[in-house]
Amino acid sequence: MTAVWYEAGSHAAGAALAAALPATIDVDVRGTGVRVHTDALQEVDATAAELGLTADPAAVQSLRFGLDAADPATVRSFWEPVLGYRRAGAGCLEDPLRRDPSFAVRRLDEARPLRNRIHVDVVRPAAEVTRARAGREPTGPFGVMLADDEGNEVDLVPGDPLPGTTDWYALFGAMTFYPQATARFVTSVAELADAACLSLLIDIRPEGVVLDSGKDAWEDGSGGADPAFAALARRIESAAEDFGLRADPAPLRFVQFGIDALDVPAMRAFWMRLLGYRPDPRPDVTDIYDPRRLNPVLFFQQLQEPRPQRNRIRFELAVPDPEDRIAAVGGRVLSEKPYLVADPEGNEVVLRTTKTRPST
């Protein structure tokens, strides 16, 4: 399956392409463009051209994470319900709606007893968190941390309904999922987002449509719901009711990654260059984010003492040209084919090549 990004000037322009494509493929609509996952690239290119949309092959990348484990089967059995993922073969777990990063587990080649410098945050509706805990008692400073049998940690955070709405949940981002939503509904949502001048993540799947504000974008700055976003959410709820749709929160999920760092500014700069991310402009926030909102947020926490052990958790990045990306950031190359690169403090990322566009 090849992913391709088409530049577009509005949500409606992206929704128009989605409406013209088969309902069996995954399409991610943003206010600045649309990503399509397809094996029929020439046909999609032709349809996009008719709508005045231009492909940007260099814009496509995907970030996933993996974990080295002494007992991969046991570790997978822990993470599968925590993430709400399903097994996808070859030791891999994936989001059933293919929005959040997939997760691969491979056998550990050496003992690594220390705590990882990379950790995972997962936010799901409270009912799903209760089921996923399965009798495990959360710990940590916020009472939400779980660890697998090998000490790999995840903050599994329960999210609540978004105040002032009936269909939306606050899961760091404000989200809702409408199963079996139609192209006409997607068009209506895109038009509502454009009219409100608000950015919305509209992820269209054969199973339904996920709508997402993006991390913290629904907030008013003091932790409450921004009135403009709440009004948009209610308009979308009204449109859903007109189309006979009912929301299902169970598949909703937010995933982000934290990196413990001795030199947070230097590490933040490295990962922004490597991923093409932008800094969150809010004071006292170390987040960096994908400007197209297609890949997960990273944030950085101050590390008090060096932790030199190799992480068990690692990133895997697929980009059109790994060599160009490595040259741009100056990372330390540990091995090639695929490339294994270390950041300034030893965190590792595997760089692979995305599936190439066929020549025409």
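What is the volume of the second largest cavity? The second largest cavity has a volume of about 40 Å³. This report describes a predicted model, in which local features need pLDDT of at least 70 and side-chain atom pairs count only at pLDDT 80 or more, while totals for chains, interfaces and linings use all residues. Residues are numbered from 1 along each chain as its sequence is written, and side-chain values use heavy atoms, with hydrogens and water left out.

**Cavities**

A cavity is a set of points, on a 1 Å grid over the protein atoms alone, where a 1.4 Å probe fits but cannot get out; lining residues have an atom within 4 Å of a point. Grid points are joined across faces, edges and corners, and a volume is the space filled by probe spheres set on the points. By this rule there are three cavities of 30 Å³ or more.

The largest cavity has a volume of about 40 Å³. Its lining consists of R115, N116, I118, H119, G151, N152, E153 and I313. By class, two of these are nonpolar, four polar and two charged; Ala, Val, Leu, Ile, Met, Phe, Trp, Tyr, Cys and Pro count as nonpolar, Asp, Glu, Lys and Arg as charged, and the others, Gly among them, as polar.

The second largest cavity is lined by D95, L97, R99, D100, V210, P251, L252 and R253. This lining divides into four nonpolar, no polar and four charged residues.

**Helix pairs**

Helices are DSSP runs (H or I, at least four residues), numbered from the N terminus. Axes are lines fitted to C-alpha atoms over the stretch in contact, and angles run from 0 to 180 degrees between N-to-C directions.

| Helix pair | Residues | Axes come within | Crossing angle |
|---|---|---|---|
| α5 and α6 | 183-196 and 227-242 | 10 Å | roughly 160 degrees |
| α7 and α8 | 264-275 and 322-329 | 9 Å | roughly 155 degrees |

The angle between α5 and α6 makes α5 roughly antiparallel to α6, a term for angles over 145 degrees. Contact, meaning heavy atoms within 4.5 Å, is made by F185, S188, V189, L192, A193 and A196 of α5 and L232, R235, I236, A239 and A240 of α6. The contact of α5 with α6 has nine nonpolar, one polar and one charged residues.

Helices α7 and α8 are likewise roughly antiparallel to each other. On α7, the contact is made by F270, R273, L274 and L275, and on α8 by R325, A328 and V329. These residues divide into five nonpolar, no polar and two charged.

Key
Helices (H or I, at least four residues) and strands (E, at least two) are DSSP runs, numbered from the N terminus. Angles under 35 degrees count as roughly parallel, over 145 as roughly antiparallel, 65 to 115 as roughly perpendicular and the rest as oblique. On a 1 Å grid over the protein atoms alone, a cavity is a set of points where a 1.4 Å probe fits but cannot get out, and a pocket is an open set with protein on both sides within 12 Å along at least five of seven lines; lining residues have an atom within 4 Å of a point.
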